[in-house]
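Welcome, and please take a moment to look over the structure shown below.

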Amino acid sequence: MTDLDDLAGHFEQERPRLWAVATHLLGSAADAEDAVQETWLRLERSRAQDIQNLQGWLTTVVSRVSLDILRSRRRSTASAWLVEAWPGEANTNADPVDPEPNPADLVAEADRAGAALLLVLEILQPAERIALVLHDVFGYSFEEVAQVLGRSGPATRQLASRARRRVRQVGRPAVASRRDERLIVDAWLAAVRTGDLGALVSLLSEQAVLRADFGEHQEVLEGADAISQQAVLFGRLAERSVPLLVGGLPGLAAVMNGRVVSLMAFQIVDDQIDGIEVLADPQRLGTFEELGPAAAGRKAAE
């Protein structure tokens with residue numbers, strides 16, 4: 001396969017599939033088009049005559065290009081980190097679980113679930129997103145996905161399992177669980193404020209992961225012990241934190257001098273915290289100078 005026109009013809013046959021893969025991975029048609037075009041440029045520069053499986057080669061390349069884009073691009077604060085007051089926060093006497101929610105409540109809850117799913121997809125590690133999409137959406141084996149990621153088959157399977165668990169969690173109806181979620185968030189706050197390591201560990205699943213975006217650098221902590229030990233160092237910040245919804249997920253906002261200095265979103269599975277996403281990038285938090293409805297929740301709590 002050395003003739004450029006012949007090579008271009010084969011590539012055009014594969015283009016719709018490559019674009020579909022890139023779109024699912026990146027969530028953006030424009031970024032997907034860039035990834036497909038970069039794949040073609042790499043094919044042009046390659047020793048095409050040595051490629052035994054062109055379809056597999058192209059899938060690997062477009063996935064790796066998408067992986068690079070996921071790692072480098074800045075996520076949109078406005079679209080993913082949506083901040084809302086906790087349901088019923090302004091009326092502390094109201095039962096947060098309505099046994100017969102009206103249609104408007106159900107529509108609002110569906111909107112929150114959609115926002116939560118968007119947040120989870122955005123904050124999945126790039127490798128998790130690749131593993132989930134290629135295996136669950138396009139049916140590639142874990143061995144094939146492992147080659148794309150440069151990891152072992154078992155490690156790739158674990159990545160997909162973790163991503164799947166998070167996506168499944170935010171897709172469930174949340175109206176009936178808001179009370180339990182609030183109890184867990186309140187218990188987290190109380191434990192951080194008092195430095196109660198044992199209580200924090202009990203609130204976290206063993207495989208819990210914390211990811212923090214500080215702007216200039218990111219931090220990842222894995223395991224209940226590591227996350228708990230880090231959390232107790234921020235007792236002062238917890239004193240200034242207020243429960244709210246972040247992207248439809250239970251969360252916290254830390255407010256100092258009228259400014260939001262951090263946002264946290266909790267992923268709760270089986271009554272334990274399975275993941276924590278922290279946004280502490282001052283530049284991205286600049287849009288949250290005023291909490292709006294969340295501020296009313298804080299005043300009500302006070």
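The model you see is predicted.

**Nonpolar cores**
- The largest nonpolar core has 34 residues, and Leu43, Ile130 and Leu149 have the most contacts inside it.
- Two or more residues of this core come from each of helices H1 (4–26), H2 (29–45), H3 (54–72), H6 (126–137), H7 (142–149) and H8 (153–171).
- H3 gives the largest share of this core, 8 residues.
- Another core lies apart from it, with 27 residues that include Ala191, Ala231, Met264 and Ile268.
- Among the residues that Leu149 touches are Leu67, Ile130 and Leu159.

**The second largest pocket**
- This pocket has a volume of about 340 Å³.
- Its lining has 21 residues, and Leu210, Phe234, Leu237, Met264 and Val278 lie nearest the centre.
- By class, the lining of the second largest pocket comprises 17 nonpolar, 3 polar and 1 charged residues.
- Elements that each supply at least two lining residues include helix H9 (178–194), strand S2 (204–213) and strand S6 (259–269).

**A closer look at Asp274**
- You can find Asp274 in strand S7 (residues 272–279).
- Is Asp274 buried or exposed? Asp274 is buried, because its relative accessible area is 2%, under the 20% cut-off.
- The side chain of Asp274 makes polar contacts with the side chains of Ser205 at 3.1 Å and Gln207 at 3.3 Å.
- Asp274 also touches other residues, including Arg165, Arg166 and Gln267.

Key: Residues numbered from 1 in each chain as written. Predicted model: local features only at pLDDT ≥ 70, side-chain atom pairs only at ≥ 80, totals over all residues. Heavy atoms only, no water. 1 Å grid on protein atoms, 1.4 Å probe; cavity = no way out; pocket = protein on both sides within 12 Å on 5 of 7 lines; lining within 4 Å. Points joined across faces, edges and corners; volume = space filled by probe spheres on them. Helix = DSSP H or I, 4+ residues; strand = E, 2+ residues; numbered from the N terminus. Nonpolar A, V, L, I, M, F, W, Y, C, P; charged D, E, K, R; others polar. Buried < 20%, exposed > 50% of the residue type's maximum accessible area, 1.4 Å probe, protein only. Polar contact = N/O pair within 3.5 Å; in protein donor to acceptor, adjacent residues only side chain to side chain. Contact = heavy atoms within 4.5 Å. Core = buried A, V, L, I, M, F, W, Y, C linked by side-chain atoms within 4.5 Å. Lists of a residue's contacts leave out its neighbours within four places in sequence.
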